[in-house]
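Please open the model in your viewer and keep the selection tool at hand. The tour goes from charged side chains to aromatic rings and then to a pocket.

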Amino acid sequence: MSFEQWLVQVGKAERTARSYARAIDGSISNWAMAAGLIDVSLIDMESTTQLGDLIDPIQSLEIFLERDRKGNGMYSAALRQFYQYLSDVGNSELEEDIERIMTDNTFTATERSAQISTRIGQGKFREALIAHWSGCAISRYPDCRFLIASHIKPWSKSSNSERLDPFNGLLLLPNLDKVFDLGYITFEESGEIRISDAIDKPSMLGIHHGLKVSLKADHQDYLAYHRDEKFGRLQKILAVHS
C-alpha cells in the first residue's frame, strides 16, 4: 500500500493525501538532498529507524521552517503521517535485523539462534518475561498466549547482551505493545505511566493515568532511554510548527 493510499484509508481527504505524498516525495526530499542528509527520496524509505534519525535535521532546515510556517504546518504534518505510515505497514526492520544476524560471523550457531528467537519475541527472552511478569506488565491480564514480548530499548539500538536481557522487556497486550513501541506511552522511574497528548481517546485502548508498572532497578536505564529517545523524540515529531 502506497503512502497516499494509506492516508485515504485512515480518513484523509484525497486532496490532502495527494498533497502530503507530493510533499514527502518532492519538496521535503529535495530539501533534505540539497542539505546532504539523504541520497534518495524519503518515499523510498521502509523503516521508522531510518526516518526517525532524519526528522530533527530536516525540521531544523531553514527552508523547511520557512515553508512550514507559510503552509500552516503542512510539511510537519506530512512528516508525522509518513512516520506513522511506516510504523503501520513496514516490516523491513525485522527482515533487516534477521539478515544482519545471519551474516554476522561473530555469532556461534547457538548464539545466532538465540538472537533470532529473541528478535521475533520467542525463545528464552519471552520465557524470561513470562516468568518475571506473569501477565501483562501494564494491565495484569494473565493469559500469556495473547501477550507480546516487547523490548524497552529498541532491538536496533541495543547491544547483543541488551537484546537478551529480560530487564529490557515488558510483556504486553498487543494494543499496549503498539503504543509503547511507537512511543505514545512511557513510564516514569516510579513506574507511573506518561501518556502522549497525541493519543485520541486513550481510554478506549485501556490507557489511563492510573496505570503503573512495577519496576526493578535494572529496568531504569532501559526506560530512561525509552523516555528520551522514543517518547521524547515522538513528541518532537508530532509537534507542528506554528
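A salt bridge is a side-chain nitrogen of Lys or Arg within 4 Å of a carboxyl oxygen of Asp or Glu. This is a predicted model, in which local features need pLDDT of at least 70, side-chain atom pairs count only at pLDDT 80 or more, and totals for chains, interfaces and linings use all residues. Residues are numbered from 1 along each chain as its sequence is written, and side-chain values use heavy atoms, with hydrogens and water left out.

**Stop 1: salt bridges**

Select Glu 66 and Lys 70. Their side chains meet in a salt bridge (3.3 Å, N to O). Both residues lie in helix H4 (residues 62–70), 4 residues apart, about one turn of the helix. Helices here are DSSP runs (H or I, at least four residues), numbered from the N terminus. Are these side chains buried or exposed? The terms rest on relative accessible area: buried is under 20%, exposed is over 50%, and partly exposed is in between (1.4 Å probe, protein chains only). Lys 70 is exposed, at 62%, and Glu 66 is partly exposed, at 35%.

How many salt bridges does the structure hold? There are 7. Next, select Asp 53 and Arg 233, which form a salt bridge of 3.2 Å, N to O. Asp 53 is in helix H3 (residues 48–59) and Arg 233 in helix H11 (residues 220–238), so this pair ties together parts that are 180 residues apart in sequence. Asp 53 is partly exposed, with a relative accessible area of 41%; Arg 233 is also partly exposed, with 23%.

Now select Glu 162 and Lys 153. Their side chains meet in a salt bridge as well (3.2 Å, N to O), and both residues are buried.

Lys 153 lies over the face of Tyr 225, at 5.1 Å from the ring centre. A charge sits over a ring if NZ of Lys or CZ of Arg is within 6 Å of the ring centre and within 35 degrees of the ring normal.

**Stop 2: aromatic rings**

Rings of Phe, Tyr and Trp (its six-membered ring) pair if their centres lie within 6.5 Å; planes under 30 degrees apart are stacked, over 60 edge-to-face, and the rest tilted. The count by this rule is 10 aromatic pairs. Select Phe 3 and Trp 6: the ring centres are 6.4 Å apart and the planes at 20°, so the pair is stacked. These two residues are 3 apart in helix H1 (residues 3–9), about one helical turn.

Phe 3 lies in helix H1 and Tyr 85 in helix H5, so the pair ties together parts 82 residues apart in sequence. With Phe 82 selected too, you have one aromatic cluster: Phe 3, Trp 6, Phe 82 and Tyr 85.

**Stop 3: a pocket**

Finally, select Gln 84, Val 179, Leu 182, Tyr 184 and Ala 198. Of the 20 residues that line the second largest pocket, these lie nearest its centre. On a 1 Å grid over the protein atoms alone, a pocket is an open set of points where a 1.4 Å probe fits, with protein on both sides within 12 Å along at least five of seven lines; lining residues have an atom within 4 Å of a point. Helix H5 (74–89) and helix H10 (174–182) are the elements that give two or more residues to this lining. H5 gives the most, with 6 residues.
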